[in-house]
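Subject: A structure for you to look at

Hi there,

Here is the structure I said I would pass on. Have a look when you have a moment, and then read on for what turned up in it.

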Amino acid sequence: MEFQNYFPIWNKLSAVQQNQIQNSLSTRKVEKGTVIHNGSMDCTGLLLVRSGQLRAYILSDEGREITIYRLFDRDMCLFSASCMMRSIQFDITIEAEKDTDLWIIPVEVYQSIMTESAPLANYTNEIMASRFSDVMWLIEQIMWKSLDKRTAAFLLEEASIEGTDTLKITHEIIANHLGSPREVITRMLKYFQNEGMVKLSRGTVEITDAEKLEELCEE
């Protein structure tokens, strides 16, 4: 499918604006683990995911990662165009969680069209509001939810994304998503295993009692 099938307000742009985007678009294939955007000094452009999966995270002064949101097919990433949002006071890193095909829209082209297109400005504001909602939800989870509940919720979410209860994921990756030391996550997963909720093996976490994990999340 072509770009216009992935861009929800394409038909609300003028023919001239459509041509501007089409003529400036670039495509990129990135392998799993590739860092696409790294902090406020890197203005990559706006990313539209054609297929694959991206992860946006922030890094603490101690070097600890925490995921703030993930991007899937048809999702647009604005924070990769950090030079377009001077008021953002924190650095975001964008990494490919799976092999990913992207379209990249140059910042100057997008900004130029946004100044004259109300539909594009509204669309951009909607994405921005959604991303900040993700950040606020994350803050709420960190402040008010215990790590066991957050870990259980993450495993259930991951199983839903992957379509399987056998997750090819390391303790370190889970720790990076949740902003926790790896050793703490390892202890938590061993507790889950002792309670019959998961089965652990090298590089794999198998959910054996999803209902019990769900009950833990809801307590």
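A question to begin with: which residue stands opposite T93 in β7? It is N38. Before going further, please keep in mind that this is a predicted model.

**The chain as a whole**

The chain has 219 residues, and 46% of them count as buried. Its secondary structure comes to eight helices and 11 strands. Along the principal axes, the C-alpha trace spans about 60 × 35 × 30 Å. If you look at the contacts with a separation of 6 or more, 71% are between residues 24 or more positions apart.

**Around strand β7**

Back to the strand from the opening question. β7 covers residues 93-96, and it runs antiparallel to β2 (residues 35-38), with three bridges joining the two. The pair N38 and T93 belongs here. β7 is also joined to β4 (residues 54-59), this time by four bridges, and that pairing is antiparallel as well. On this side, R55 has E95 of β7 as its bridge partner. As for the side chains of β7, T93 and E95 point one way, whereas I94 and A96 point the other way. Are these four buried or exposed? All are buried.

**An open sheet**

Four strands form an open sheet, in the order β1-β8-β3-β6, with antiparallel pairing. β1 (26-30) and β6 (76-77) stand at the edges with a single partner strand each, so one side of each has no neighbour in the sheet. For β6, the link to β3 (residues 46-51) consists of two bridges, and these strands run antiparallel. There you will find L48 opposite M76 of β6.

R74 lies in the loop between β5 (65-71) and β6, and it has a positive phi of about 80° although it is not a glycine. For context, most residues other than glycine have a negative phi. With a relative accessibility of 38%, R74 counts as partly exposed.

**Helix α5 and its two partners**

Two helix contacts share α5 (residues 147-162).

One is with α8 (residues 210-218): the two axes come within 8 Å and cross at roughly 135°. The two helices are therefore oblique to each other, and their crossing is left-handed. On the α5 side the contact involves D148, K149, A152, A153 and L156, which meet A210, L213, E214, L216 and C217 of α8. By class, these residues divide into seven nonpolar, no polar and three charged.

The other is with α7 (residues 182-194), where the axes are 11 Å apart and the packing angle is about 75°. α5 and α7 are therefore roughly perpendicular to each other. From α5, the residues in this contact are L147, D148, T151, A152 and L155, and from α7 they are V184, I185, M188, L189 and F192. Here the classes come to eight nonpolar, one polar and one charged.

Enjoy browsing, and write back with any questions.

Best wishes

Note on methods. Residues are numbered from 1 along each chain as its sequence is written. This is a predicted model: local features need pLDDT of at least 70, side-chain atom pairs count only at pLDDT 80 or more; totals for chains, interfaces and linings use all residues. Side-chain values use heavy atoms; hydrogens and water are left out. Axes are lines fitted to C-alpha atoms, for helices over the stretch in contact, and angles run from 0 to 180 degrees between N-to-C directions. Angles under 35 degrees count as roughly parallel, over 145 as roughly antiparallel, 65 to 115 as roughly perpendicular and the rest as oblique. A crossing is left-handed if the near helix is turned anticlockwise from the far one by less than a right angle, and right-handed if clockwise. Contact means heavy atoms within 4.5 Å. Ala, Val, Leu, Ile, Met, Phe, Trp, Tyr, Cys and Pro count as nonpolar, Asp, Glu, Lys and Arg as charged, and the others, Gly among them, as polar. Buried means under 20% relative accessible area, exposed over 50%, partly exposed in between (1.4 Å probe, protein chains only). Two strands pair if DSSP finds at least two bridges between them.
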